[in-house]
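Student: Hey, I've just opened this one and I'm a bit lost. Can you walk me through it?

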Amino acid sequence: MEGAKLGEVAVVGGGIAGIQAALDLADTEFKVYLIERSPSIGGRMAQLDKTFPTLDCASCILTPKMAEVLRKDNIELLTLAEVVDVIKNGNKFKLTIKQRPRYVDTNKCTGCGTCVEKCTARGKLGAPDEFNEGLSTRTAVYIPFPQAVPKKAVIDPNICLRLRYKRGCGICEKVCPANAINFNDTERILNLTVDAVIVATGYKFIDPRLPELSIYGYGKYPEVYTNIEFERILDARGPTGGALIKKDGSHPERIVFIQCVGSRHYKINPYCSAYCCMASIKQAILAKEHEPKVDVTILYMDIRAYGKGFQDFYNRAENEYGIRFIKGRTAGITEDPSKKKLIVKYEDVMRGTIETMETDMVVLALGIVPNIPSFLNRLGVVRNGRVITRPGDPISTYVDGIFVIGATLNPTDIPDAVLQGSAAAARVTEHVLRRKTPFEVMRS
Amino acid sequence: MSKHIEVRPEIYTKIRDFMKKLGADDFIKCFNCGTCTVACPIAEVLGIVPFSRKIIRYIMLGLEEDLVNSKEILLCLHCGECSEYCPKGANPAETMHALKTYIIQNYLLKR
Amino acid sequence: MRDKDVRIGVYICHCGTNIAGIVDVEEVARYASSIPGVVVARHYTFMCSETGQNMIKDDIKNLKLNGVVVAACSPALHEVTFKNAVKEAGLNPYLFEMVNIREHCSWTHTDRRLATEKAKDLVRMAIAKVKELEPLEEVKAEVVNSVLVVGSGVAGLSAALTLARAGLTVYIIDKRPVLGGFVTRLVNIAPIGIRGREFVKPMIDELVEMPNVKVLTNAEVISVEGGVGNFKVRIRQRPTYISDLCTLCGYCEKACPIEVPNEYEGKLTMRKAIYLPFKEAYPPKYVIDENACTKCGKCIDACPVKAIDLSVKERYIDLNVGAIIIAVGHEPYEPDKGEFGYGLTRRVITSLQLERLLDEEGPTGGRFIIDGKVPKTIVFISCVGSLIGNKTTNACSRRCCSTITYDTLKILSKNPDSHIYILYRDIRTYGFEEELYWKALENGVVFVKFEEPPKVEVMGDKIMVYVREATINKNIVIPADLVVLFVGMTPSNAGEIVRIFKLSRTADGFIREAHLKLRPAETPTEGIFLAGAAAGPKGVMESVIHGAAAASKALALLLNKKYILREPLVAKVDEELCSGCLICVGMCPFNAISVKYVGERRVATVNPLLCMGCGTCAAACPSGAMEHNGFKDKQILAQVRAFAGVVV
Amino acid sequence: MSPKVRVALYWLASCGGCEESQVDAISDKIDIISNLEIVFWPVAMDFKKEDVEKLPDESIDVAVINGGVRLKEHVEMVKLLRRKSKIVIAYGSCASWGGIPGLANLYDINEVLSRVYSEVPTLQEKGVMPRPKSVTNEGMEIELTEVLPMLLPLDAVIDVDYYIPGCPPTPETFLKALETLLSGNLPPRKSVIGASTRALCEECPLNKTKPDKVLIKEIRRIYNTKIDPSKCLLVQGIPCLGPVTRGGCNAKCPRVGSPCIGCYGPLDKHIDYGAKAISFIASILDLNDENEIKKALDNGIPDPAGLVHKFTLPASRLKVNLKRGEHK
């Protein structure tokens, strides 16, 4: 099989865009290194409960793709790994990769979860659960989420008692039926030489604690959530087991979504984050499905239902689910401590009136910023915080063989990320085959 | 269709040029989000909503008569809250300030 | 019946605590071993792990198992894993059945006793089915390493170029006489600002030079047979009448007495029945508009190189291709006469005509004038034909907002004194293109949001546009010199395409993809892929990407491949029982069933490469001659009987 | 000369068509008749129950029984014949699956009796119901057998060895069945003999006229449709049951422009004939709008049970004794 490979490719980032690129490349008989920073692939999509506008369960459609990554012989998955540098060397790229220790032998670990059950670093000694956006805690040895790929345990050295104090505890090692725990695991530096690199490192959320966003009261009022936090609350795998409840355990009577938080703002992101209108509509519908009596309002500036099936989804939210859409932006959120209600004041722009709404929950549709790895800066394909690509070929950079896809490039929704993933695979094929004598493949 | 008010583009240009001279033409950036109205401490109290967005609309549409008859402009205290909150940097406070000059020049003086 | 000597192994997975936490796996295994035919029943923490798989493999070899049941998670996750394990141990993988006792059992129930009972039921049913299973062989088919690209717009060109560069043989066809598609009419592609024709020119230039590319213009697919890896496509090519001898001298055009509106100039100008669509058109020769031409023969006399032959007939071309990419694009919405004043005056134009007016190579030489005058006040109405108007798709056309804002900037750069009003529902400049909206604002463009669509009235020189302005709570009227209707994208000939290729459409009329989110470049039919605005409104850059993505799917299927393997879980006819009633033929959504003769008898036959295993034919077959491999009546009924103990 | 084949013939709830077909089939076949020894045939000859009772068990070679089991007396008789016979054959649709009289199973037996004895017009005194015991004018005490609550196919009461389908089976079918039986090479028990293993379409001359895809937009009824007898009736919108019905009759009905009504009944693979029939008709109905579909069905199939279960209701999965109107 080795001889039949067309070439070797590094895909940086194991979100949906990177997964799609890796799968297509593997099917086209490339050797693929899929490099993911966190312990599991899946990216942001894995954190979602449902997806718009089909309301498909996100993990139901993503998990098979993740499992496929494991099954493909052509894909080598590197988790906990970050690309620290990429150097162009002739037609090849030399990658330096730093892989953090997992402290668990992945060849032995069966993902049975016994260690997680017994881990002593839990509760206050645990750490905020990244998968649940810190709305719950996790243990020191943990499996990131039920559908994680690879479904192997990982130890967080920052809170593991044994790793911190170099002695004591070690209960996981004792209970592991597979002898997979390895406290002596160390950081590794890996070097790869590949024919092409696809960058799919995704996006970061705008920090809701920015001074410009302090008016929304995030961090100050417990019932002000970011939209990714709210997604976790809606999810059956989430901190509330899928129950739509406030932090005090009661059910909200009203939820207000605020759009364009940190987007379309001249001091933060002047651009639009493209995903959030539909994400909020989806979450509003899901909230209604969880609690049919809940009153849901979306405060928007423009509803950007631009994709296939989006307008229909928007209309359904309004007409079938009775979700209120009000054009208007709030200037701030306050709290009525006696009623324990949040107060949202806004202008109803289409009526020219000032309204005050008491609500139990506020969800902020957070803006996003491309997550651009530093090696791209060094390769000179980044200007003003954005990846520069060729006009007419939005995923190809000016460095031949470096392709950038998904939200690293521009705010992107899932179908576009998938298309860009496939397209990048096609670009790699072109790039590698054209470098050989022209049409050699056709003649064979 | 007589109930319709006619939009006057040339007036818009005229006012915009005037405002530009005063360095107060950021209002053209306004994208009607309504933040200024909510941020304004007097808009709701005095019932002059949507302020200051409506005033900017008058300029945009060239409705000079409505503009010069808008007492709201004179009520503005220039506290700057609207400009502080404006996500677009349209600087409504500056606009109100400059408009006072415009009103005085074009309305009060002529009378 | 394999009943007598059946030897089944049953494997119950704990999935850590995922299953074992709720289901008493030991009890299920004990129960399974008590069922006749079961030789061994085991339970293990992770059946999918190396150890778990080896357990199954060893049993198959040592205990001579001829049937395997694994009760674990969803087959979507690990069916392939276990199938491969069974295969590696030398047992036919279709003698294996997977039971989902995680999603269907432990994850959905909380009562340990009842969940265990349910798991037992499910396992018992699977054992009953395995007793009736038959070994099946994968269908191996040779593939043709070529691809047909239908449509030569940006998406089609992008796909074709990628495929050709990778070395596959590519046929690209277009129903129009020239390549390039809709984009050739655009003056600027927002936000990169390249003229549409110039954008596609290098793509076309590269493509037509490649030895492995064949271009057919004036051509349409009329029928498709066969399936993934080997489609047989029949193409009808209408005559072009003009040979490659054409030197573009233009004498024919001068001689032609017929004049019709020129669609490449947005019908703003006239052209002859023999004409050159535009300067960079490929193929580089004049074309004849069949609908307009009277065959008077004046052009023949005028042609100095004798390139014209009006007696040419249409021809049919048969192609064998391994995959097909549908990139038939869209048609811009054509407003009705009187819709927003369109057709009542030359001063109400569509966005397409605007493109031509802004083009230096357009009818006005790029001067932005209409009827000889520079329009001062210009009103844009957005969403015409997409969200508002007489016949809407009720779907956003996605690209108009960015294009409108971009076009206003272009107009303002030509005529800085223009007053521009954009009447809109929502401004949908998503992503970084929001910046275009901001630029338009900063250049003094006035945006008015409407809830009720505006009304347009032509009054002499002026066009009055009435709309309600919410902020000032008043109805306003804009006396405009020019009204531009931003027209939406409508599906191009999708009905016909859907019929020929047996695809389906979404509510908005565009072609339906295999999965809206995760398989946007594929159709439900294997080997037929989808690119560009045929699947829904798309911009130029998005079409480039969509084309490349579709090409990627075709590359994965065909590049350096000699065979494809297909699962044998398809419909199969018992020819002995078939009466040739043909009911099934009309049912098949994939054209997989045809008729063949066994001696004198006519019987149905299924092409296993085309069959997608939907089972429709088996349900419709009146005689029971059509059955579905792996889901035969006897297999399903065995499960039902095992569940309920009823005689069916 | 080999010993003659001892044959018993008996009818249950039957119209007599089966007997006619038997007579038609063999009246001129001297070679066959001379091979038979008829030991019981109350329709044509004077045999009594006692005559059969006197015979040793399994002394009859073949018992051919037609009609459905409707009376208690039928139950007694068929059990007797079963005991006395080596082979029992269900002859015709009624014996095989209940036949047309089986449609009465859609109603409660009291409704059936009331309909027959008090509602239908009659020259006799109305409303006289059959009584189990009565005395004639001559003072003779007579006993009437009881009506069963449902009509049953023969195999619901006794084991049946072979089935000869049809309403009635055509003489050719009967002859072919006899040929099979006399050949000595007996097919597996419980199979259908004398008919085809495939659906009727195969032997229908109109099948050739079908287009590639059989899809209809409307279901038509024969009473108000001008039928083109040279074209497939199904394609003309007539719900011809040819595709779902066992062949063997040589497509007698479609040949003359009349749709197959399904008298040769189910094929070997059918679990429920009516369900298969309705499923295939639903499949070819090329409509998507719910209201259009409803309209097409209401106009085209006003009596679904009467169409798809004309001959098979008692043998179908629908074992419920439906009340009037519920079957709609």
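Student: Which residues are linked in a network of salt bridges?
Tutor: They're in chain C: R195(C), R197(C), E198(C), E265(C), K279(C), E280(C), R356(C), D359(C), E360(C), E361(C) and K414(C). Keep in mind that this is a predicted model.

Student: Which residue forms a salt bridge with K345(A)?
Tutor: That's E44(B), with the closest N and O atoms 3.2 Å apart. K345(A) sits in strand β20 of chain A and E44(B) in the loop between α2 and α3 of chain B, so the pair joins two chains.

Student: And how accessible are those two?
Tutor: K345(A) is partly exposed at 26% relative accessibility, and E44(B) is partly exposed too, at 38%.

Student: What about R102(C), which residue does it form a salt bridge with?
Tutor: With E103(C), and the closest N and O atoms are 3.0 Å apart. R102(C) is buried, with a relative accessible area of 6%, while E103(C) is partly exposed at 25%.

Student: Switching topic: what's the strand order in the open sheet of 4 strands with parallel pairing?
Tutor: It goes β2-β1-β3-β4, in chain C. β2 (38-44) and β4 (96-100) of chain C each have a single partner strand, so one side of each is left without a neighbour in the sheet. From one strand to the next, the twist averages 15 degrees.

Student: How many bridges join β1 of chain C to β2(C)?
Tutor: There are 6, and the two strands run parallel. As an example, Y11(C) has R42(C) as its bridge partner in β2(C).

Student: Which helices lie across those strands?
Tutor: Helix α1 (residues 25-33) of chain C lies across β1 and β2 of chain C, at about 175 degrees to β2(C). Helix α2 (residues 50-62) of chain C lies across β1, β2 and β3 of chain C, and runs at about 170 degrees to β2(C).

Student: Where's H14(C)?
Tutor: In the loop between β1 and α1 of chain C. H14(C) counts as buried at 16% relative accessibility. Its side chain makes a polar contact with the side chain of H43(C), at 2.9 Å.

Student: And E339(C), is that one buried or exposed?
Tutor: E339(C) is buried, yet it has no salt bridge. The nearest side chain of opposite charge, K391(C), is 4.9 Å away, and a salt bridge needs the nitrogen within 4 Å of a carboxyl oxygen. The backbone nitrogen of N390(C), though, lies 2.6 Å from a polar atom of the E339(C) side chain.

Student: Last one: what's the strand order in the open sheet with mixed pairing?
Tutor: That one has 4 strands in the order β1(B)-β24(C)-β23(C)-β22(C). The edge strands are β1 (5-6) of chain B and β22 (455-459) of chain C, and each pairs on one side only. β23 and β24 of chain C pair in the antiparallel sense over 7 bridges, and R468(C) has N475(C) as its bridge partner in β24(C).

Notes:
Residues are numbered from 1 along each chain as its sequence is written. Chains are lettered from A and ligands numbered from 1 in the order in which they are written. This is a predicted model: local features need pLDDT of at least 70, side-chain atom pairs count only at pLDDT 80 or more; totals for chains, interfaces and linings use all residues. Side-chain values use heavy atoms; hydrogens and water are left out. Two strands pair if DSSP finds at least two bridges between them. Axes are lines fitted to C-alpha atoms, for helices over the stretch in contact, and angles run from 0 to 180 degrees between N-to-C directions. Contact means heavy atoms within 4.5 Å. Buried means under 20% relative accessible area, exposed over 50%, partly exposed in between (1.4 Å probe, protein chains only). Lys and Arg count as positive and Asp and Glu as negative; His and the chain ends are not counted. A polar contact is a pair of N or O atoms within 3.5 Å; within protein, one must be able to donate a hydrogen and the other to accept it, and residues adjacent in sequence count only if both atoms are side-chain atoms.
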